[in-house]
Amino acid sequence: MSRFLFPKWSNLLLPGLIAAGAVMPLYAVFFVAYGFSPKTLDAGYQPVQPVPFSHALHAGQLGMDCRYCHNTVEDASHAAVPPTQTCMNCHTQIRPESPKLVEVQESYRTGKPIEWIRIHKLGDYSYFNHAAHVNRGVGCVSCHGRIDQMEVVYQSQPLSMGWCLDCHRNPEPHLRPVSEVTNMAYQPEFELTDTEREGLLAKYDIHPSENCSTCHR
Amino acid sequence: MSSLPADMGDAAGVGASGTIGGEVDNTGNRPGRREPLVLGMDTFGEVTRTVCRVTEAKRPPMAWYIAFVISVGLVGLLGFCVLYLIFTGVGVWGLNNPVMWAFDITNFVFWIGIGHAGTLISAILFLFRQKWRTGINRFAEAMTIFAVMCAGIFPAIHVGRVWVVYWLFPIPNQMEMWPQFRSPLLWDVFAVSTYFTVSLLFWFAGMVPDLATLRDRATTKFRQFAYGVFALGWRGSNRHWHRYERAYLLLAALSTPLVLSVHSVVSFDFATSQLPGWHTTIFPPYFVAGAIFSGFAMVVTLAVPAREMFGLKNLITLRHLDNMNKVILVTGCMVGYAYGMEFFIAWYSGAIYEKFAFINRAFGQYWWAYWIMVSCNVITPQLFWFKAIRTSIPLMFVLSLVVNVGMWFERYVIIVTSLANDFLPSSWDMFIPTWVDIGTMIGAFGLFFTLFLLFCRFLPMIAMAEVKAVMPQADPHHGEHGHGEAASEEKGSHA
């Protein structure tokens, strides 16, 4: 009776199989560590918005303050997305006929809000308070990047838990005077000395907690 | 002693004296005479044919189909319950605030415990040169692997957010968080995954020569190829056998500590906590004894119908079953001792919470579970003192089921009664299982039996090569007429 024999070429597979067996666990760890990270999955998220609104134009060239539109950040945990009426404060006068504003005009007329696509999302299980950060000298740019240079906004930071902890464990390098919070070009590492930064820590009474319940309430 | 030479004859069953319930009685223990472990077979070829027939038959017996259909149906139930849990959340179970573990961890500990008999049979009995293990080790090891697979489901699904279950493993991650290395729950992850890996390797390594036998007997191209791949090119050369025996011995040595360590670590999940009823030093040995107890009961539960269904009564003989029933009796007594000692320490320690926990176990709202546990695990196994019961196939089958029930309840009692009534009476509550709890538990049995039935049908259920080695024919002096026979007669009469 003929019986199954491994063909001779199958010997060539052996080193490959051994190598795969040795490398696969390492690869799996690497894959989970880097592949599952928001740095890989979320950073750079740049959806097409319903209106071609340019932050580079408004916040950059025109130098509008972030808080003109996102007016709740100093008082509330949530950074408000402005209603259409805020746009129309200016756009009833400035370029009211621009084709780029068709959706905005439509929304203004009908009262139906524009459905902006949210970019910076945290899990439902994590609590984040804008006011707590903005009033203690954490700049907008620290988490949102150079919004003033973005034609279309994208997520510049991973917003992962480890990334939050990096700052909570060592906040000094990210602090600035509250007056400079919305200044996108301000670079604390050049503007402030170490002593000044430590001074800010004391001045704003900053004790960033690392307890689970700080964010997972 | 004049009848001895005839008795010592061969493995042909002539050595056995009389019958019990239609089965050849080879359970005797007369000095100087070894009862045969293989009955009614003169040649190695007969062993091969008997074992291979199970996988080579055109169709398995009708009973196999019936059992398989039921089991697969229960796997469907398991799948449904697990998916329902995942899509809805752990609230579909009956868990509540003090009772945060109930059926999930009960089932986990139950299944992990079941596995221990397989490892004990394959590793410890091997190192102690217990020849009777050869008849049952293969399917006991298979049972171990399938039981650990069933066990693994429960910790994985009880975490709630199943999609991040890989957080159990210490992998660098975006949260910059590690599992708590001081927690026995993490040790559990290592203990159980090591246990599964080593058991699987041991099972597979032991099966290679038998897979080669199936390959060589295969008549279809597909069977030749499938068994051929898994036989890893085994040719049965001296060098192959030499390396195989070394590897087997090493794996046995690796598995031996696992018999004791795995369930010890599982017991730490409870013992290292502060909860009255859990926080006791007796837990590791008590859990290990309980694991072997329940595992052997499960081996008997599987062996009795399997030998019937596939015609293996001459290889899994009454002696094998009798021996296993003795192990059940011994470990049952150990478990009974542990139950008693827990009560003694609860009184002797003077700790009022401990005392309350145990009185509450026996007479509180879960009294019925406690007394099911005691009657199934301590009282009923005492029947195995009687040889007539140890060698009665129907009775041992029923008793093994009773032990399985009892050991499931043991874990339930330990987990639920301790949690339900802890230090703070205002938080006391009662656990009531939902249909999802019960469906998942039954479904896990379905998975276990499905895997076992597939194993019986497609893999060599009995370690042919090892069984042959314990037959008299394997003795180099076997069949030496005249001098050899006379010598063994001599020995026999002197012993």
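1. Start with helix H12 of chain B, residues 367-379. Its buried residues are B:Tyr370, B:Met373, B:Val374, B:Cys376 and B:Asn377. The cover over these buried residues includes three helices of chain B: H10 (318-348), H11 (352-363) and H14 (393-420). Keep in mind throughout that this is a predicted model.

2. In sequence, B:Phe344 and B:Lys355 are 11 residues apart. In space, their C-alpha atoms are 9.3 Å apart.

3. Next, a helix pair in chain B. Helix H6 (residues 184-217) and helix H7 (residues 221-230) of chain B have axes that come within 8 Å and cross at roughly 160°. H6(B) is therefore roughly antiparallel to H7(B), since angles over 145 degrees fall in that class. The crossing of H6(B) past H7(B) is left-handed.

4. The residues at this crossing can be listed. H6(B) brings B:Leu211, B:Leu214 and B:Arg215. H7(B) answers with B:Gln224, B:Tyr227, B:Gly228 and B:Phe230. By class, the contact of H6(B) with H7(B) has four nonpolar residues, two polar and one charged.

5. Chain A has a helix pair to set beside that one. The axes of H5(A) and H6(A) come within 10 Å, and they cross at roughly 115°. That angle makes H5(A) roughly perpendicular to H6(A), because the class runs from 65 to 115 degrees. This crossing, too, is left-handed for H5(A) and H6(A). From H5(A), the contact uses A:Thr84, A:Cys87, A:Met88 and A:His91. From H6(A), it uses A:Val104, A:Ser107 and A:Tyr108. The contact of H5(A) with H6(A) splits into four nonpolar and three polar residues, with no charged ones.

6. Look at the loop that joins those two helices. A:Arg95 sits there, between helix H5 (84-91) and helix H6 (102-110) of chain A. A:Arg95 is not a glycine, yet its phi is positive, at about 45°. Is A:Arg95 buried or exposed? A:Arg95 is exposed, because it has 10 other C-beta atoms within 10 Å, and 12 or fewer is the limit for that class.

7. A:Leu159 lies in the loop between helix H8 (140-144) and H9 of chain A. Is A:Leu159 buried or exposed? A:Leu159 counts as buried, because 23 C-beta neighbours lie inside 10 Å, and 20 or more is the cut-off.

8. Now the contact between the chains. Chain A gives 14 residues and chain B gives 13 residues. On the side of chain A that touches chain B, the elements giving two or more residues are helix H1 (13-35), helix H2 (38-41) and helix H9 (161-169) of chain A. The residues on that side of chain A are nine nonpolar, three polar and two charged.

9. Last, the domains. The assignment divides chain A into domain 1 (14-40) and domain 2 (58-81 + 118-215). The centres of domain 1 and domain 2 of chain A, taken over C-alpha atoms, are separated by 35 Å.

Note on methods: Residues numbered from 1 in each chain as written. Chains lettered and ligands numbered in written order. Predicted model: local features only at pLDDT ≥ 70, side-chain atom pairs only at ≥ 80, totals over all residues. Helix = DSSP H or I, 4+ residues; strand = E, 2+ residues; numbered from the N terminus. Contact = placed C-beta atoms within 7 Å. Nonpolar A, V, L, I, M, F, W, Y, C, P; charged D, E, K, R; others polar. Axes fitted to C-alpha atoms, helices over the stretch in contact; angles between N-to-C directions. Parallel < 35°, antiparallel > 145°, perpendicular 65-115°, else oblique. Left-handed = near helix turned anticlockwise from the far one by under 90°. Domains from an automatic or database assignment.
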